[in-house]
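Here is a quick briefing for anyone meeting this structure for the first time. Have a look at the sequence and the model, then read on.

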Amino acid sequence: MTPRHASHSTISKTVNLHYTARPPSSLIFCAAVVLAACLALAGVQGDQGTATFYGGDDGSGTMGGACGYGNLYDAGYGINNAALSETLFNDGASCGQCYTITCDTSRPGGEYCKPGTSVTISATNLCPANYALPNGGWCGPGRPHFDMAQPVWEQIGVYQAGIIPVVYQQVKCWRSGGVRFSIAGCNYFILVNIQNLSGSGSVGAAWIKGDGTGWIQMSRNWGANWQALAGLVGQGLSFAVTTTGGQYIQFPDVAPAWWQFGDTYNTDKNFYY
């Protein structure tokens with residue numbers, strides 16, 4: 001697990017004018033620009049936060065992380081990922097969720113935005129508070145912050161800024177393929193990393209069943225890892241998952257009886273919400 005620290009730190013007036021002749025073309029142009037800007041701002045919805053970047057210009061340093069996904073390409077998330085501040089990470093309950101992020105030109109630092117661009121990221125890591133800095137730094141308590149993979153951050157911000165104001169909104173996730181189950185643990189302890197969820201993107205509850213057992217309720221261990229204290233070696237495994245969006249799906253016969261710790265199994269089912 002590799003938690004990351006964030007590294008960086010008009011007056012307007014309405015005038016009513018009545019013309020008896022056609023206004024100058026320059027005035028029409030200015031009015032059109034102002035109207036376009038207002039419409040652009042009106043289209044940006046969501047909550048205010050901030051964003052920095054990490055992981056290098058190729059994003060390779062973002063692999064792994066506090067959700068336990070390991071290689072983010074293999075797990076279905078790729079380079080469009082971010083570490084969330086503690087406020088957003090929610091002790092791992094947000095792992096896998098998707099957020100659309102737009103640089104906020106209306107706030108201080110907005111001059112470093114690349115206007116008209118937004119990106120959608122998946123939550124794959126934790127940006128912990130840094131108490132060597134005032135109030136725990138950008139990822140301190142109560143601060144919604146995204147420490148994004150550098151290549152994705154640079155789509156909405158100018159590199160030299162280091163940090164930009166953003167507007168963010170949780171959105172539906174779209175994934176390729178089905179839900180994946182990666183199995184770790186030992187004889188009487190099983191730890192399953194649940195990956196590549198569409199819909200809400202995150203796991204709200206999980207169950208496991210061996211060939212010789214009923215459904216066993218699992219509990220979150222850390223990140224996207226769910227545990228069960230059960231001896232299931234030598235049994236075929238089935239799973240059931242409820243997303244944080246409330247959709248329940250059973251995944252029967254995911255792993256054969258000869259599965260081994262370290263194996264990962266793909267399915268052909270995924271979530272809508």
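What follows is a short tour of the disulfides, the aromatic rings, the surface and a few other contacts.

This is a predicted model, where local features need pLDDT of at least 70, side-chain atom pairs count only at pLDDT 80 or more, and totals for chains, interfaces and linings use all residues. Residues are numbered from 1 along each chain as its sequence is written, and side-chain values use heavy atoms, with hydrogens and water left out.

**Disulfides**

- A disulfide here is a pair of cysteine sulfur atoms within 2.5 Å. If you number the bonded cysteines of the protein chain in sequence order, the pairing reads 1-2, 3-8, 4-5, 6-7.
- Take C67 and C95: their sulfur atoms are 2.0 Å apart in a disulfide. The torsion about their S-S bond is about -90 degrees, so this disulfide is left-handed.
- C67 sits in the loop between strand 1 (47-54) and strand 2 (81-85), and C95 in the loop between helix 2 (86-89) and strand 3 (98-103), so the bond ties together parts that are 28 residues apart in sequence. (Helices, H or I with at least four residues, and strands, E with at least two, are DSSP runs numbered from the N terminus.)
- C67 and C95 are both buried. Buried means under 20% relative accessible area, exposed means over 50%, and partly exposed is in between, using a 1.4 Å probe and protein chains only.
- Next comes the disulfide between C98 and C173, with an S to S distance of 2.1 Å. Its S-S torsion is 125 degrees, and the link of C98 and C173 is right-handed.
- C98 belongs to strand 3 and C173 to the loop between strand 6 and strand 7, so this pair ties together parts that are 75 residues apart in sequence. You'll find both C98 and C173 buried.
- C103 and C113 are joined by a disulfide too, S to S 2.0 Å. With -70 degrees about the S-S bond, the C103 and C113 link is left-handed.
- That pair links distant parts of the chain, with C103 in strand 3 and C113 in the loop between strand 3 and strand 4 (118-127), 10 residues apart. C103 counts as buried at 8% relative accessibility, and C113 is buried with a relative accessible area of 7%.

**Aromatic rings**

- Rings of Phe, Tyr and Trp (its six-membered ring) pair if their centres lie within 6.5 Å; planes under 30 degrees apart count as stacked, over 60 as edge-to-face and the rest as tilted.
- The rings of F146 and Y168 have centres 5.1 Å apart and planes at 65 degrees, so they make an edge-to-face pair.
- F146 is in strand 5 (residues 145-149) and Y168 in strand 6 (residues 164-171), so the pair ties together parts that are 22 residues apart in sequence. Both F146 and Y168 are buried.
- Elsewhere, ring pairs link F181, F239, F251 and F271 into a cluster.

**Charges over rings**

- A charge sits over a ring if NZ of Lys or CZ of Arg is within 6 Å of the ring centre and within 35 degrees of the ring normal.
- K172 lies over the face of Y272, 3.1 Å from the ring centre.
- K209 has its charged end over the ring of W215, 5.9 Å from the centre.

**Surface and W174**

- W174 is in the loop between strand 6 and strand 7 (180-186), and at 66% relative accessibility W174 counts as exposed.

- How many salt bridges does the structure hold? There is 1, a salt bridge being a side-chain nitrogen of Lys or Arg within 4 Å of a carboxyl oxygen of Asp or Glu.
- R107 and D104 form a salt bridge, with their closest N and O atoms 3.5 Å apart. R107 and D104 are both buried.
- V119 lies in strand 4 and counts as buried at 4% relative accessibility.
- V119 and V152 are 33 residues apart in sequence, and their C-alpha atoms are 7.1 Å apart in space.
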